[in-house]
Amino acid sequence: MAVMTLFIVTLVVFNGFYRNIILNNPRKRNALSLSMLQSLREDLLHDVKSKDLRVIVISAEGPVFCSGHDLKELSSEDDVKHHSQVFEICAEVMTLIQKLPVPVIAKVNGLATAAGCQLVASCDIAVASEKSQFATPGVNIGLFCSTPAVALGRSLPRKVALEMLFTGEPLSAQEALMHGLVSKVVPEDKLEEETMKISRKICESSKSVLALGKATFYRQITQDLDTAYRMTAQVMVDNLTLRDGQEGIEAFIQKRKPVWSHSQDEKK
């Protein structure tokens, strides 16, 4: 099934378990215009609480994954209120990705710059083709990539992020892998296969357990060590009360495949 929403195509496969959101405005280098950001937010939230939806993949048409903001929208012809709206909804989309109860994978086959690089850094997992590149070149046009720096600074070592931000020079796919911006780099003709492989593996697990784990990971990452361990220890206790927590342990002991409920219900 394909659903067209402005410049985005949503494909639903794996019996509804997998959603592929495709940035589909290659003539504008898939720029994150206000309309594109609004559509992306809508598609990320669509039916997200369904038990059937287990993973979301964000990919793009054309040689550029995403070139960042539409600079024509940021000209002096538009007022400050409009500029604020663009950056506010962009921040909302980037933080939403990490708040969603399902893993979000960036499938990158080309250039990702500025807010496009920010989008990759904000995803839970990123798989890139060997030809992909990543850059934050805003400094070269007088608009420092301050909001992309938030995601980059949380994904890359500080000095690597700052070199990207200060020079605008791109990272190759292999450099992005080495520094942790992406999870895997594969030949272009293997990109779909590798992304599907990861997605299928995710779909084998309990949605409720994954949702708990994802939320906990992002929560603990900002805490000090002692607080993080106290919090995650309690989460593991809570996890054991879930129906799927007990089902998984029972299935392991009985040497059978678990039958997941994908619900937040506790074991009676």
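Aspartate 124 forms a salt bridge with lysine 214, and the closest N and O atoms of the two are 2.7 Å apart. (A salt bridge here is a side-chain nitrogen of Lys or Arg within 4 Å of a carboxyl oxygen of Asp or Glu.) Keep in mind that this is a predicted model, where local features need pLDDT of at least 70, side-chain atom pairs count only at pLDDT 80 or more, and totals for chains, interfaces and linings use all residues. Residues are numbered from 1 along each chain as its sequence is written, and side-chain values use heavy atoms, with hydrogens and water left out.

Now for the domains. The chain's assignment, automatic or from a database, gives domain 1 (11-204) and domain 2 (207-254). Their centres, taken over C-alpha atoms, sit 27 Å apart. Across the boundary, 15 residues of domain 1 are in contact with five residues of domain 2, contact meaning heavy atoms within 4.5 Å. The buried area is about 710 Å², with carbon and sulfur atoms giving 54% of that; this is the accessible area (1.4 Å probe) that two parts lose on being put together, summed over both. On the domain 1 side, Gln98, Pro101 and Asp124 lose the most area to domain 2, together 54% of what that side buries. The count of salt bridges between the two domains is one.

The structure holds eight salt bridges. Another of these joins lysine 107 to glutamate 192, with the closest N and O atoms 2.3 Å apart. Lysine 107 lies in strand β6 (residues 104-108) and glutamate 192 in helix α7 (residues 191-203), so this pair ties together parts that are 85 residues apart in sequence. Helices (H or I, at least four residues) and strands (E, at least two) are DSSP runs, numbered from the N terminus.

Next, look at the open sheet of four strands, in the order β5-β7-β9-β10 with mixed pairing. Two strands pair if DSSP finds at least two bridges between them. β5 (64-66) and β10 (171-172) stand at the edges with a single partner strand each, so one side of each has no neighbour in the sheet. β5 pairs with β7 (residues 111-113) in the parallel sense over two bridges, and cysteine 66 stands opposite alanine 112 in β7.
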